[in-house]
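Biologist: Take me through this one by question and answer, please. Keep it brisk.

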Amino acid sequence: MDPIVVFSVLGGIVLLLLFGGAPVRPLRWVGQVFIKVIIGALLLFFVNAFGTSFDLHIPINLITSSISGLLGIPGLVALIIIKMIIIG
């Protein structure tokens, strides 16, 4: 599937959740976690896009997206450090 289509659909879902909201409290919590994981995937996408000149590639999957999305910038930095120092 084309990455542009995937990011467009995910962006539409994020906008729908942001503007419409979820009427039930547990669904709102799930929606917030889902949005954070998507933001983490976008952060990893930008790290991979700009990291090619530094030979840095972090795979975008559920685990790495969750780490970078839920922990934010410190989680992203931790993934970069793990990739560069530990994995090599």
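Predicted model: local features only at pLDDT ≥ 70, side-chain atom pairs only at ≥ 80, totals over all residues.

Biologist: Which residues are buried in H3?

Modeller: Residues are numbered from 1 along each chain as its sequence is written, and side-chain values use heavy atoms, without hydrogens and water. Buried means under 20% relative accessible area, exposed over 50% and partly exposed in between, with a 1.4 Å probe and protein chains only. In H3 the buried residues are Thr 64, Ser 65, Ser 66, Ser 68 and Gly 69.

Biologist: Which residue caps the N-terminal end of H3?

Modeller: Look for a polar contact: a pair of N or O atoms within 3.5 Å, where within protein one must be able to donate a hydrogen and the other to accept it, and sequence-adjacent residues count only if both atoms are side-chain atoms. Here a side-chain oxygen lies 3.2 Å from the backbone nitrogen of Ile 63. The capping residue is Asn 61.

Biologist: How many helices does the protein have?

Modeller: Helices (H or I, at least four residues) and strands (E, at least two) are DSSP runs, numbered from the N terminus. The elements run α-α-α-α. There are 0 strands, and the number of helices is 4.

Biologist: In which helix is confidence highest?

Modeller: The protein has a mean pLDDT of 85, and 92% of its residues reach 70 or more. Confidence is lowest in H1 (residues 3–20), with a mean of 79. The highest mean, 93, belongs to H3.

Biologist: Is Ile 58 buried or exposed?

Modeller: Ile 58 lies in the loop between H2 (25–51) and H3. Contact means heavy atoms within 4.5 Å. Beyond four places in sequence, Ile 58 touches Leu 44, Val 47, Asn 48, Thr 64, Leu 79, Ile 80 and Lys 83. Its relative accessible area is 4%, so Ile 58 counts as buried.

Biologist: How far apart in space are Ile 58 and Lys 83?

Modeller: In sequence they are 25 residues apart. C-alpha to C-alpha, the distance is 7.2 Å.

Biologist: What is the relative accessible area of Asn 48?

Modeller: Asn 48 sits in H2. Leaving out residues up to four places away, Asn 48 touches Leu 56, His 57, Ile 58 and Ile 60. Asn 48 is buried because its relative accessible area is 9%.

Biologist: What is the phi of Asp 55?

Modeller: Asp 55 is in the loop between H2 and H3. Asp 55 counts as exposed because its relative accessible area is 73%. Although not a glycine, Asp 55 has a positive phi of about 55°.

Biologist: Which residues does Leu 10 contact beyond four places in sequence?

Modeller: Leu 10 lies in H1. Its relative accessibility is 23%, so Leu 10 counts as partly exposed. Its C-alpha is 9.0 Å from that of Ile 35, 25 residues apart along the chain. The contacts are Phe 34 and Ile 38.

Biologist: What share of the 88 residues is buried?

Modeller: The C-alpha trace spans about 45 × 25 × 15 Å along its principal axes. Residues 24 or more positions apart account for 51% of the contacts with a separation of 6 or more. The buried share of the 88 residues is 25%.

Notes: pLDDT = per-residue confidence, 0-100.
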